[in-house]
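Please examine the sequence and the three-dimensional structure shown below. The report that accompanies them is written for a reader who is new to protein structure.

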Amino acid sequence: MTTKSLGNPFDGDKSLIHAKTCGCPECKPGDSTPSISLDLKPSAGQQAVADEHLDSEAMMDRAIEGAVVRSVFGHNEHSRRAFMKMMGAGTAAAVLGSVFPMEKAKAAVKESLGKLEKTKLNVGFVPITCATPIIMAHPMGFYERYGLDVTVTKTAGWAVARDKSLAGEYDASHMLTPMPLAMTMGAGSTPEPFIMPAVENINGQAIVLHVDHKDKRDPKQWKGFKFGVPFEYSMHNFLLRYYLAENGIDPDKDVQIRVVPPPEMVANLRAGNLDGYLSPDPFNQRAVWEKVGFIHMLTKDIWEGHPCCAFACSKQFATQNPNTYGALLRAIIDATQYSNNPDNRKEISEAIAPKNYLNQPVPVIQQVLTGYYADGLGEVKDVPDRIDFDPFPWHSMGVWILTQMKRWGYIEGDVDYKGIAEQVYLASETGKIMEELGYTAPDKTYKTHTIMGKTFDSDRAEEYARSFDIGRV
């Protein structure tokens with residue numbers, strides 16, 4: 001377990017971000033799981049002996065110091081390090097201490113959060129850009145800001161993420177927005193109450209086709225195609241099915257839809273095992289980068305602002321560790337809002353590119369996060385909201401997902417659409433924390449959504465699920 005970004009913020013020789021280009025000893029190539037000593041400074045300007053076994057109070061002290069220093073320099077790591085080298089740690093700490101009541105800040109934060117039941121947590125993630133807030137919160141210090149020592153664990157695919165979460169190996173995890181609904185209902189797994197307090201990203205997916213199919217842009221030409229999606233209980237599966245059916249293609253009869261882990265999408269496309277896929281990035285852009293695929297359509301053009309990935313945990317974890325859960329959620333909301341600012345996207349791209357995170361070329365990630373990208377058809381597109389980050393888990397989005405699970409036969413019988421959505425998607429709680437952290441939250445939890453020109457009203461969910469010509473209901 002490492003907490004590299006929980007270093008001395010007054011030390012100009014120490015990186016707090018550890019991006020792809022970081023040259024510090026901890027980030028030397030060839031050591032993917034380094035053992036890091038933490039040189040905790042018990043008071044400003046005074047350095048203590050390195051200690052890997054920090055108690056929660058010491059971690060919180062360092063986290064608050066780091067948060068204050070980062071804020072002073074606008075999260076600009078280059079400026080922070082240059083200033084600290086010029087001034088010296090002791091002088092810089094004294095200057096800051098003369099204008100900012102550091103000890104009072106520490107006391108106030110500790111009082112507001114309460115004593116953390118656990119500080120060392122294991123959070124799973126699948127290496128895709130949808131998980132940006134969960135991943136970047138590690139190298140950029142958002143977990144430490146709330147006194148948490150989080151290991152973010154790369155996970156091969158969604159079935160693994162689900163099973164490790166159900167087994168308690170992960171305290172919380174990056175999930176697809178349909179997953180906690182399905183897990184709570186026992187669809188595809190044993191039933192276990194899960195909660196989803198935050199959406200990670202909106203938009204951010206695409207339909208990719210093999211370069212051999214550039215003359216087949218009309219979906220009516222896709223009969224017999226083999227498509228990949230990352231998981232059955234995914235927005236990718238439900239958006240692909242919706243798109244195909246709206247174009248007269250039965251996704252269960254006219255094409256094959258296979259579950260393929262995201263990191264394996266490009267290789268399967270190259271090998272001819274797939275004709276296309278609806279996948280999370282960066283694997284859409286990676287197909288273009290490797291000249292084996294092109295972007296047929298961004299999913300934002302199917303449903304503008306659709307949810308995709310989320311932060312979730314078991315209800316049991318949140319109930320047994322309320323203070324830890326609250327601190328973790330605040331860290332995620334903070335990181336999501338930071339990711340939402342386009343000005344931060346290039347910095348984030350470098351932070352999440354290394355091997356232990358996405359293991360992707362920085363230019364590929366930047367094309368996704370900035371929306372300035374090559375489409376594989378000879379054009380360069382400028383779509384700033386190709387992917388966005390908004391933590392608010394709309395109940396109406398949960399209801400839509402449940403209608404598609406019903407439509408395609410993943411759940412049967414009577415469905416309490418709103419009851420399940422409200423049990424799993426903690427919109428009210430998230431809204432309160434957003435306001436507490438200084439962000440603007442919606443004043444309602446339901447709204448209408450437009451998918452391919454058709455309006456979805458969550459008050460008529462069962463009627464909507466049965467309204468389609470193509471479906472299994």
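## Basis of the model

The model is predicted: local features need pLDDT of at least 70, side-chain atom pairs count only at pLDDT 80 or more, and totals for chains, interfaces and linings use all residues. Residues are numbered from 1 along each chain as its sequence is written, and side-chain values use heavy atoms, with hydrogens and water left out.

## The nonpolar cores

A nonpolar core is a set of buried Ala, Val, Leu, Ile, Met, Phe, Trp, Tyr and Cys residues joined through side-chain atoms within 4.5 Å. Buried means under 20% relative accessible area, exposed means over 50%, and partly exposed lies in between (1.4 Å probe, protein chains only). The largest core of this kind contains 132 residues, and Tyr143, Trp158, Leu328, Trp400 and Met405 have the most contacts inside it. Helix H13, which covers residues 322-340, supplies the largest share of this core, namely 9 residues. Helices (H or I, at least four residues) and strands (E, at least two) are DSSP runs, numbered from the N terminus. Because both domain 1 (114-201 + 306-458) and domain 2 (203-303) give residues to the core, it lies between them. These domain bounds come from an automatic or database domain assignment.

A second, separate core has 9 residues, among them Phe10, Val69, Met84 and Ala92.

Contact means heavy atoms within 4.5 Å. Leucine 328 touches Leu121, Tyr143, Leu148, Val150, Ala172, Phe311 and Phe317, when residues up to four places away in sequence are not counted.

Tyrosine 325 lies in helix H13 and counts as buried, at 6% relative accessibility. Apart from its neighbours within four places in sequence, tyrosine 325 is in contact with Ile195, Pro197, Cys313, Phe317, Ala318, Leu426 and Glu429. Tyrosine 325 and alanine 172 are 153 residues apart along the chain, and their C-alpha atoms are separated by 9.1 Å.

Two strands pair if DSSP finds at least two bridges between them. Strands of a sheet pair through backbone hydrogen bonds, either parallel or antiparallel.

Strand S7 (residues 226-229) and strand S9 (residues 276-280) run parallel and are joined by 2 bridges. Phenylalanine 227 stands opposite glycine 276 in S9, and glycine 228 stands opposite tyrosine 277 in S9. S6 pairs with S9 in the antiparallel sense over 5 bridges; leucine 209 stands opposite glycine 276 in S9. S6 also pairs with S10 in the antiparallel sense over 5 bridges, and here valine 208 stands opposite isoleucine 295 in S10.

## Burial of strands S6 and S9

Strand S6 (residues 205-210) is largely enclosed by the rest of the structure, because 6 of its 6 residues are buried. Gln205, Ile207 and Leu209 point one way from S6, while Ala206, Val208 and His210 point the other way, and all are buried. Strand S9 is mostly covered, with 5 of its 5 residues buried.

## Two residues with polar contacts

A polar contact is a pair of N or O atoms within 3.5 Å; within protein, one must be able to donate a hydrogen and the other to accept it, and residues adjacent in sequence count only if both atoms are side-chain atoms. Glutamine 285, in helix H11 (residues 283-289), is buried with a relative accessible area of 1%. Its side chain makes a polar contact of 2.6 Å with the side chain of arginine 386. Beyond its neighbours within four places in sequence, glutamine 285 is in contact with Ile295, Val364, Gln367, Val368, Tyr373, Ala374 and Arg386.

Is glutamate 304 exposed or partly exposed? Glutamate 304 is partly exposed, with a relative accessible area of 44%, and lies in the loop between strand S10 (293-298) and strand S11 (309-314). The side chain of glutamate 304 makes polar contacts with the side chains of asparagine 203, at 3.3 Å, and lysine 300, at 2.9 Å. Glutamate 304 and asparagine 203 are 101 residues apart in sequence, yet 6.9 Å apart in space, C-alpha to C-alpha.
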